Amino acid sequence: MSTELFKDRSIEEFADLLASRASVPGGGGASALCGALGIALGSMVGEFTLGKKKYADYEEDIKALMERAEILRKEAVALVDKDAEAFEPLAKAYAIPKEEPGRDEILEKCLRDAAEVPLRIFDLAVEGLDLMKEFALKGSRMIVSDAATGAVILEAALKGAAVNVKVNTRLMKDRDYASQIEAHIDGTLEEYSMNADEIFHGVYDNF
């Protein structure tokens with residue numbers, strides 16, 4: 001992998017790499033980027049709402065939402081590269097001969113590390129959707145379509161991260177550990193997919 005961070009690539013370069021035979025960036029990195037883009041749209045709604053007399057009652061709420069969104073967006077961008085960093089040791093672990101002593105332990109650790117990043121992306125998308133719900137409710141009606149768009153993109157981040165967690169947990173030997181993570185994903189995915197749809201249709205159906 002190049003020493004240049006994926007987050008520093010142009011949009012065209014990133015898309016070209018994603019479309020290539022390179023193992024990274026992949027679905028996890030793309031999900032992290034979706035998370036960053038979705039949250040950014042919430043911040044955009046906030047920017048066009050602040051200072052408007054019509055929304056003065058929500059001024060402090062919007063400021064607080066934007067502060068949290070800024071933190072999450074920056075973390076999501078960083079996770080694009082963290083996902084790639086976590087995958088490389090796993091790819092090397094798969095290449096270890098099956099008969100080599102210690103292979104199972106190395107592979108198990110690499111699977112855990114590789115699952116941690118998309119798990120964080122998943123949880124970040126969950127929080128992002130909570131923010132987006134507030135942006136959609138309290139943001140300027142002139143730009144609320146961007147809150148709906150943000151919700152759709154965050155749902156993509158949520159689902160993309162979920163499948164990238166499970167592709168690792170399914171191979172773990174420690175089934176108790178894997179099952180805990182999978183239960184968290186399964187128990188949250190349906191609820192927040194519905195939340196994303198509600199945010200979207202709350203805007204779309206009122207045009």
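Tutor: Here are some notes on helix packing and a few residues.
This is a predicted model: local features need pLDDT of at least 70, side-chain atom pairs count only at pLDDT 80 or more, and totals for chains, interfaces and linings use all residues. Residues are numbered from 1 along each chain as its sequence is written, and side-chain values use heavy atoms, leaving out hydrogens and water.

Student: At what angle do H5 and H6 pack?
Tutor: About 165°, with the axes 9 Å apart. H5 covers residues 144–169 and H6 residues 175–204. So H5 is roughly antiparallel to H6 (over 145 degrees counts as that).

Student: And the crossing, left-handed or right-handed?
Tutor: H5 passes H6 in a left-handed crossing: the near helix is turned anticlockwise from the far one by less than a right angle.

Student: Which residue classes make up the contact of H5 with H6?
Tutor: There are 17 nonpolar, three polar and seven charged residues.

Student: Switching to Thr188. Buried or exposed?
Tutor: Thr188 is buried, at 13% relative accessible area (buried means under 20%, exposed over 50%, partly exposed in between, with a 1.4 Å probe and protein chains only). Thr188 is in helix H6.

Student: What does the side chain of Thr188 have 2.8 Å from a polar atom?
Tutor: The backbone oxygen of His184.

Student: What is Thr188 in contact with, leaving aside neighbours within four places in sequence?
Tutor: Phe122 and Val126, where contact means heavy atoms within 4.5 Å.

Student: Where is Ala30?
Tutor: In helix H2, residues 27–47. Ala30 is partly exposed, at 21% relative accessibility. Ala30 and Ala161 are 131 residues apart in sequence, yet 9.0 Å apart in space, C-alpha to C-alpha.

Note on methods:
Axes are lines fitted to C-alpha atoms, for helices over the stretch in contact, and angles run from 0 to 180 degrees between N-to-C directions. Helices (H or I, at least four residues) and strands (E, at least two) are DSSP runs, numbered from the N terminus. Angles under 35 degrees count as roughly parallel, over 145 as roughly antiparallel, 65 to 115 as roughly perpendicular and the rest as oblique. Ala, Val, Leu, Ile, Met, Phe, Trp, Tyr, Cys and Pro count as nonpolar, Asp, Glu, Lys and Arg as charged, and the others, Gly among them, as polar. A polar contact is a pair of N or O atoms within 3.5 Å; within protein, one must be able to donate a hydrogen and the other to accept it, and residues adjacent in sequence count only if both atoms are side-chain atoms.
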